[in-house]
Each structure stands twice: as C-alpha cells, then as structure tokens.
Amino acid sequence: MSKKELNDYTKFFQNNPNPGFWGIELLRDALLKDVLSEDIHDILYWAGKNLAIKFPIHTADLPTFFQQSQFGILDLKSGSESKSIFNLAGPEVQTRLNIDKDADFMLETGFIAQTIQQNSGFETEAEYKIKRKDIIEITVISDISRQILDPNEIHLIELNQA
C-alpha cells in the first residue's frame with residue numbers, strides 16, 4: 001500500500017457523519033467479505049430473507065425499518081403488483097461505496113424480496129445494481145402466477161415509529 005492510499009478505517013472516519021455506524025461497517029464489509037469470500041452474495045441474500053422472516057413487517061414500513069437498521073434511506077420509485085423499483089441511498093450507502101466501490105447490498109435486497117413475498121403471497125425475488133456512487137437500485141419481481149403462501153397467515157409486527 002502506498003503512503004497516499006488510505007486504509008478503510010481512515011476512509012470511514014473521513015467520509016462518515018455517523019461514526020456509530022463503524023461497527024456495522026467493520027463486520028459487514030471487512031469481516032464478512034473475507035469469511036464468506038465468493039459466497040458472500042448468495043449468503044447475504046439468504047440472510048436478508050431470513051431476517052425478513054424473523055421480523056415480518058408491512059411493505060409500507062420498509063423505509064422506517066431500513067432507517068432504524070442503518071441500512072440507508074429506502075424510497076419506492078415505482079411499483080405494481082408484479083414489479084417494484086426501490087432506490088437505497090443516504091450516508092450509510094455513500095460511506096460504504098466510498099470505502100468499497102463494490103460493496104455488497106444483497107442483505108438489503110433479500111430483506112425487501114422476502115418482505116414483499118410475505119405481504120403479497122407471491123413468489124418474489126430481487127436484484128440490485130449500483131446506479132451512482134451514492135444510489136443503489138433494487139428491482140423486485142413477483143411471479144403473480146405462483147402464489148406460495150397466504151399473506152393472512154403472516155403475523156406482521158408493528159414498528160416503533162419513534
């Protein structure tokens with residue numbers, strides 16, 4: 001590493017207005033990336049779906065949950081019964097991308113896919129792409145010909161809005 005190249009710790013604290021986010025950054029983008037190696041995308045997508053099963057919320061509560069979880073600011077750009085497009089932005093996203101231009105957002109993507117699946121009852125998957133160095137676009141597709149569960153059987157939790 002050249003003297004001019006900054007380490008991730010220095011990059012984080014130079015570019016982050018929320019130093020309380022450091023613990024998440026340390027685990028998520030430093031440790032897990034090394035431990036999970038080439039399987040990181042699949043495992044984090046599954047982990048996001050698993051979290052949505054443990055914390056079943058209303059689709060409309062996704063932005064609140066994302067802010068409370070320090071995932072970033074989630075905004076629904078367009079939506080229909082079979083396809084939704086979200087933008088994920090905010091200081092957490094920008095900081096992660098400043099440190100690592102290839103930061104992984106499969107955890108968030110899996111969480112959104114599973115939440116929509118639980119609310120709609122239709123088989124649902126999602127993918128993301130980095131739109132700019134501060135915006136992630138998450139596209140969610142539901143197969144409305146494949147109802148796999150009755151959404152009335154899911155007991156959604158109410159988020160603390162404070």
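Reader: Where in the chain is the place of Leu31?

Author: Leu31 is placed in helix H2, which covers residues 22–36. Helices (H or I, at least four residues) and strands (E, at least two) are DSSP runs, numbered from the N terminus. Before going on, a word on the origin of the numbers. This is a predicted model, in which local features need pLDDT of at least 70 and side-chain atom pairs count only at pLDDT 80 or more, while totals for chains, interfaces and linings use all residues. Residues are numbered from 1 along each chain as its sequence is written, and side-chain values use heavy atoms, with hydrogens and water left out.

Leu31 counts as partly exposed because its relative accessibility is 45%. Together with Leu27 and Val35, Leu31 makes a nonpolar surface patch of about 290 Å². Patches are made of residues with over 30% relative accessible area and no salt bridge; like charges are joined within 9 Å, and nonpolar side chains (Val, Leu, Ile, Met, Phe, Trp, Tyr) within 5 Å. The areas come from the Shrake-Rupley method with a 1.4 Å probe, and for residues only the protein chains shown count as cover.

From the surface patch, turn to the strands. Strand E2 (residues 83–89) is mostly covered, with five of its seven residues buried. Strand E1 (residues 73–79) pairs with E2 in the antiparallel sense over six bridges; two strands pair if DSSP finds at least two bridges between them. Three residues lie between E1 and E2, and the two strands form a hairpin. One of the bridges has Gly79 facing its partner Ser84 in E2. E2 is also joined to strand E4 (residues 135–147), again by six bridges and antiparallel. Here Lys83 stands opposite Ile141 in E4.

With a relative accessible area of 16%, Ile135 is buried. Ile135 and Leu88 are 47 residues apart in sequence, yet 5.7 Å apart in space, C-alpha to C-alpha. Not counting residues up to four places away in sequence, Ile135 touches Asn87, Leu88, Ala89, Lys129 and Ile130. Contact means heavy atoms within 4.5 Å.

Next comes strand E3 (residues 122–132), which holds Thr124. Thr124 has a relative accessible area of 0%, so it is buried. Its side chain makes a polar contact of 2.8 Å with the side chain of Ser142. A polar contact is a pair of N or O atoms within 3.5 Å; within protein, one must be able to donate a hydrogen and the other to accept it, and residues adjacent in sequence count only if both atoms are side-chain atoms. Leaving aside neighbours within four places in sequence, the contacts of Thr124 include Tyr45, Lys49, Val140 and Ile141.

The side chains of Lys49 and Gln114 are joined by a polar contact of 3.4 Å. The side chain of Lys49 also meets that of Glu125 in a salt bridge (3.9 Å, N to O). Lys49 lies in helix H3 and Glu125 in strand E3, so this pair ties together parts that are 76 residues apart in sequence. Glu125 counts as partly exposed, at 39% relative accessibility. A salt bridge is a side-chain nitrogen of Lys or Arg within 4 Å of a carboxyl oxygen of Asp or Glu.

A search of the whole structure finds eight salt bridges. Among them is one between the side chains of Arg96 and Glu108 (3.5 Å, N to O). That pair links distant parts of the chain, with Arg96 in helix H5 (residues 91–99) and Glu108 in helix H6 (residues 106–120), 12 residues apart. Arg96 is buried, with a relative accessible area of 3%, and Glu108 is buried at 1% relative accessibility. Another salt bridge joins the side chains of Asp102 and Lys101 (3.4 Å, N to O). Asp102 is partly exposed, with a relative accessible area of 48%, whereas Lys101 counts as exposed at 62% relative accessibility.

Note on methods: Buried < 20%, exposed > 50% of the residue type's maximum accessible area, 1.4 Å probe, protein only.
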